[in-house]
Amino acid sequence: MLRFYDTELANGLMLGTAQYPSPAILEAAFQSSKAAVATVSLRREGRDGGGQPFWDIIRALGVHILPNTAGCHNVKEAVTTAHMAQEVFETDWIKLEVIGDTDSLQPDVFGLVEAARILCDDGFKVFPYCTEDLVVAEKLLGVGCGVLMPWGAPIGSGMGLNNEYGLRALRARFPDIPRVIDAGIGLPNHSSRAMDLGFDSFILKTSVTKASEP
């Protein structure tokens with residue numbers, strides 16, 4: 001069994017929930033993949049008009065919900081969105097994103113550490129979207145994070161694992177911390193390689209929603 005904080009999961013597959021052609025295809029993707037976790041963007045789905053019907057669909061999936069702060073570009077936005085997500089989904093899990101570069105969606109690691117500190121102090125179980133930088137990882141763990149979620153490549157790119165050296169170094173430095181590849185998985189061999197490198201889990205979204213049969 002895979003454990004994140006105090007929760008055990010049957011498997012480490014996390015599947016995004018945005019931009020599916022229809023709710024029926026979203027549900028079928030979860031049923032077929034047996035993903036244990038659904039990641040949900042409160043800001044993105046709210047903006048696109050998902051509303052209550054969308055929340056009902058997500059709850060009906062019967063998987064663990066990991067809300068995220070996608071679309072947030074500073075500490076205040078991310079912290080506010082996290083608290084809103086906690087109320088909507090009744091969970092203290094949060095996938096923390098503080099975006100620093102609009103084009104690559106690279107995280108602002110300085111804002112990320114500060115937001116993580118605030119949310120950990122507020123009792124959240126933070127899953128931080130970060131780079132593979134060892135110093136950043138050390139600081140995230142120091143403020144209370146119990147998981148590391150480095151990107152493999154820019155969000156939505158499907159490029160795979162761009163810096164295997166950095167990812168191997170992260171595994172070697174923090175062998176007892178759960179590690180998740182948070183972005184860049186585009187092909188089955190990318191996910192297999194992530195497992196080969198010692199990562200416990202990975203997130204899929206773009207590679208699934210762009211497939212002919214999600």
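The buried residues of helix H6 pack against helix H5 (109-121), strand S7 (125-130) and helix H7 (164-173); contact here means heavy atoms within 4.5 Å. This is a predicted model, where local features need pLDDT of at least 70 and side-chain atom pairs count only at pLDDT 80 or more, while totals for chains, interfaces and linings use all residues. Residues are numbered from 1 along each chain as its sequence is written, and side-chain values use heavy atoms, with hydrogens and water left out. Helices (H or I, at least four residues) and strands (E, at least two) are DSSP runs, numbered from the N terminus.

**Helix H6**

- H6 covers residues 134-142, and its buried residues are Val-136, Ala-137, Leu-140 and Leu-141. Looking down the axis of H6, these buried residues fall within an arc of 135°, so they line one face of the helix. The arc is taken from the directions from the helix axis to the C-beta atoms.
- For the record, buried means under 20% relative accessible area, exposed over 50%, and partly exposed in between (1.4 Å probe, protein chains only).
- At the start of H6, Asp-133 brings a side-chain oxygen to within 2.8 Å of the backbone nitrogen of Val-135.
- Just after H6, Gly-144 has a positive phi of about 125°.

**Strand S6 and Lys-95**

- Lys-95 sits in strand S6 (residues 93-96) and is buried, with a relative accessible area of 5%.
- Trp-93 and Lys-95 point one way from S6, Ile-94 and Leu-96 point the other way, and all are buried.
- S6 and S7 run parallel and are joined by 4 bridges; strands count as paired if DSSP finds at least two bridges between them.
- S6, H5 and S7 together make a right-handed β-α-β unit. Right-handed means that, with the strands pointing away from the viewer, the path from the first strand over the helix to the second runs clockwise.
- Leaving aside residues up to four places away in sequence, Lys-95 touches Leu-66, Pro-67, Asn-68, Thr-69, Phe-127, Met-149, Asp-182 and Ile-203.
- The side chain of Lys-95 also makes a polar contact with the side chain of Glu-97, at 2.4 Å. A polar contact is a pair of N or O atoms within 3.5 Å; within protein, one must be able to donate a hydrogen and the other to accept it, and residues adjacent in sequence count only if both atoms are side-chain atoms.
- C-alpha to C-alpha, Lys-95 and Ile-65 are 10 Å apart in space and 30 residues apart in sequence.

**Strand S3**

- S3 (residues 13-16) is covered on both faces, with Leu-13 and Leu-15 on one side, Met-14 and Gly-16 on the other, and all of them buried.
- S3 pairs in the parallel sense with strand S10 (residues 201-204) over 3 bridges, and Leu-15 has Leu-204 as its bridge partner there.
- S3 also pairs in the parallel sense with strand S4 (residues 37-41), over 3 bridges. In S4, Ala-38 stands opposite Leu-15.
- S3, helix H1 (residues 23-33) and S4 make a right-handed β-α-β unit.

**Val-63**

- Val-63 lies in the loop between helix H3 (51-60) and strand S5 (64-68) and is partly exposed, with a relative accessible area of 21%.
- Not counting residues up to four places away in sequence, Val-63 touches Phe-30, Ala-35, Ala-36, Val-37 and Ala-38.
- Val-63 and Thr-7 are 56 residues apart along the chain, and 12 Å separates their C-alpha atoms.
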